[in-house]
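Please consult the sequence and the structure shown below while reading.

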Amino acid sequence: MNFKNDHFLERIFSLLRWFFLVVAGIVYVFYYLQTKEDTWRFALLLGFGLLYMGTAEWVLLRAPRRSPRYSAMTKLAVGADMAAYIALIAFTGGTSSPLLPIAYLIILHASIYWNVRGGILTALIMNAACFAITLLQPADGGPDRLLYLALNSCFFLLVGLLGGLIVARERRYRNEKRFYQELAKRDYLTGLHNHRAFQENLQTQLRLQKPFTLVMADIDHFKKINDQYGHITGDLVLKQVGHLLEACIPDKQGTVYRYGGEEFAIILHTQQEDAANRLLENFRNALSQISFESIGASFGVTMSFGAVIRSEEWTDDVVKAADLLLYSAKKQGRNCIVWGVANR
């Protein structure tokens, strides 16, 4: 789901609620407010509208957009809209009410969350309410009222159907677009984020001047593995190492990338060497316990790491700094972590 777009639509519907509350209040007061009973009806309906609309507005502004509270409130508000609308129509002339077209907006709103099913269901509920109101009200207006009711019923269903189809089509397009965008940023072999995704994320971190730790990692003697055991075994090693890295680096703490060949990059969301080093050591310990099998022989692999802590000062060569530290780890005998700090 595209939360930015859906939140934008939700804000529009929220503003429309307040607009129609004012319009409905003016229409009711000037054209339908005649007795003391009408005053109580209006007061109760107005109080209900202010309560649920105010609550919905507060949730839209304060609750995280991915939270259960946000999701539940936006959907419950559609039900509250329907209840308030049905009461309003009953108090303002039934099927002859000038406020009847508001139903189209409520049906479209429901279509956003439940596609065709939601649009049709809401339209059916609206139709049932209108028929009930028509049966309970005095039989005035003759055949024209029934014709008007039948036409509106058809229009409600058409809006529900077409609105739901449009939303469903748009959602499917967005999902497919997101899928292919994600696919373009994934390495086909390991399933990790690829070099393109790494560069985009790194530039974002640098632009926002966020502190982070960059780790460049390389499988030791990987060429010998390919030469001795074949490229299929080499690919299996890359897959296993990639999966293990991803398992040892939780999403909240960092992101793992296949930088290219047998080299990996890791962006850790910390500036604390102890915390970052603990994650890397956990991975090295897990890797040391894995044995690879090929051509009747078993072997293990090790990795070298160059880790650079980006300080608060701006730097354009953080990747070069991490690469130099990785090269230093290779010169020191491999299978180790070399640390540094990137400054201006």
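Glu200 and Lys185 form a salt bridge, with their closest N and O atoms 2.9 Å apart; the term denotes a side-chain nitrogen of Lys or Arg within 4 Å of a carboxyl oxygen of Asp or Glu. Glu200 belongs to helix α6 (residues 195-208) and Lys185 to the loop between α5 (142-184) and α6, so this pair ties together parts that are 15 residues apart in sequence. Helices here are DSSP runs (H or I, at least four residues), numbered from the N terminus. Glu200 is partly exposed at a relative accessible area of 34%, and Lys185 is likewise partly exposed at 26%. On this scale, buried means under 20% relative accessible area, exposed means over 50%, and partly exposed lies in between (1.4 Å probe, protein chains only).

A further salt bridge joins the side chains of Glu281 and Arg284 (3.1 Å, N to O). These two residues are three apart in helix α9 (residues 273-288), a separation of about one helical turn. Glu281 is partly exposed, at 27% relative accessibility.

## Basis of the model

The model is predicted: local features need pLDDT of at least 70 and side-chain atom pairs count only at pLDDT 80 or more, while totals for chains, interfaces and linings use all residues. Residues are numbered from 1 along each chain as its sequence is written, and side-chain values use heavy atoms, with hydrogens and water left out.

## A buried charged pair

Side chains of opposite charge can pair when their charged atoms come close. In total, the structure holds twelve salt bridges. One of them joins the side chains of Glu10 and Arg17 (3.9 Å, N to O). Glu10 is buried at 2% relative accessibility, and Arg17 is buried at 10%. Glu10 and Arg17 are linked with Asp81 in a network of salt bridges.

## Packing of α3 and α4

Helix α3 (residues 68-91) packs with helix α4 (residues 102-136) at an angle of about 25 degrees, their axes being 10 Å apart. Axes are lines fitted to C-alpha atoms, for helices over the stretch in contact, and angles run from 0 to 180 degrees between N-to-C directions. The two helices are therefore roughly parallel to each other; angles under 35 degrees count as roughly parallel, over 145 as roughly antiparallel, 65 to 115 as roughly perpendicular and the rest as oblique.

Residues of α3 in this contact (heavy atoms within 4.5 Å) include Asp81, Met82 and Tyr85, and those of α4 include His109, Tyr113 and Trp114. By class, the contact of α3 with α4 has 16 nonpolar, three polar and two charged residues. Ala, Val, Leu, Ile, Met, Phe, Trp, Tyr, Cys and Pro count as nonpolar, Asp, Glu, Lys and Arg as charged, and the others, Gly among them, as polar.

## Packing of α7 and α8

The axes of helix α7 (residues 222-229) and helix α8 (residues 231-248) come within 7 Å and cross at roughly 140 degrees. The two helices are therefore oblique to each other. From α7, the contact is made by Phe222, Ile225, Asn226 and Tyr229, and from α8 by His231, Thr233, Gly234, Val237 and Leu238. These residues divide into five nonpolar, four polar and no charged.

## Surroundings of Tyr148

Tyr148 is located in helix α5 and is partly exposed, with a relative accessible area of 38%. Leaving aside neighbours within four places in sequence, Tyr148 is in contact with Thr95, Ser96 and Leu100. Tyr148 and Leu189 are 41 residues apart in sequence and 63 Å apart in space, C-alpha to C-alpha.
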